[in-house]
Amino acid sequence: MKKIILFCSLSLLFSIATFAQTTEIWIVRHAEKDKTNPEDKDPNLSDEGKIRAGDLATFLQKINFDVAFSTPYKRTHQTLDSLIIPKVINYNDPKSLVDSVKKNYAGKKVIIAGHSNTLLEIIEAFGAKRPMEMLTEDDYDYIFHLTLKDEKAKVKMDQFGRPHHL
């Protein structure tokens, strides 16, 4: 009888721990891109962008990410390369990215690099409220930290590196 009670107690504790996992997600826009060739649809980071990518690595240096996601564009994965080698995926549909993170990376630490026109949609797809109305083409220094727990999403907004509005 004691073994049954012990087994049931351990099973209950394990199931509570499984369901109460907190997933942490950082969402960041790619760093500044090289604009010297307007014809280039997939430019590398500019010198300023490389500095910002380094600033991002410094800002997040104490976090051990389990996985990173970037779009197929060079600038998104170059932004994350000094943190963790990202999985390059085409997430035109934020819901599929969110479903994948929730299913495969619950309780993990995730970073996502995107674009000015996708970041806020991704935040909303995770169930959090937009922390700002919109991102402009000049907004490179914002980072959003989401915590997911029990299907509830909270978001905090921060800035890193050199302020872009000087």
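Predicted model: local features only at pLDDT ≥ 70, side-chain atom pairs only at ≥ 80, totals over all residues.
Biologist: How many salt bridges does a search of the whole structure find?

Modeller: It finds 7. To call one, look for a side-chain nitrogen of Lys or Arg within 4 Å of a carboxyl oxygen of Asp or Glu. K109 and E24 qualify, with their closest N and O atoms 3.8 Å apart. K109 sits in strand β4 and E24 in strand β1, so this pair ties together parts 85 residues apart in sequence.

Biologist: And R52 with E32, are those side chains buried or exposed?

Modeller: Buried means under 20% relative accessible area. R52 comes in at 3% and E32 at 7%, so both count as buried. Their salt bridge is 3.0 Å, N to O, and it links helix α2, where R52 lies, to E32 in the loop between β1 and α2.

Biologist: What about D139, which is buried too?

Modeller: D139 has no salt bridge, because the cut-off is 4 Å and the nearest side chain of opposite charge, R29, is 6.4 Å away. Look at the backbone instead: the nitrogen of T136 lies 2.7 Å from a polar atom of the D139 side chain. D139 itself is in the loop between α5 and β5.

Biologist: Which residues gather in a patch of positive charge on the surface?

Modeller: A patch like this takes residues with over 30% relative accessible area and no salt bridge. Here they are K149, K152, K154 and K156. Strand β6 supplies the largest share, 3 residues, while K149 is in strand β5 and is partly exposed at 40%.

Notes:
Residues numbered from 1 in each chain as written. Heavy atoms only, no water. Helix = DSSP H or I, 4+ residues; strand = E, 2+ residues; numbered from the N terminus. Buried < 20%, exposed > 50% of the residue type's maximum accessible area, 1.4 Å probe, protein only. Lys, Arg positive; Asp, Glu negative; His and termini not counted. Polar contact = N/O pair within 3.5 Å; in protein donor to acceptor, adjacent residues only side chain to side chain. Patch = residues over 30% accessible without salt bridge, like charges linked within 9 Å, V, L, I, M, F, W, Y side chains within 5 Å. Areas by Shrake-Rupley, 256 points an atom, 1.4 Å probe, with all protein chains shown as cover. Charge placed at Lys NZ, Arg CZ, Asp CG, Glu CD.
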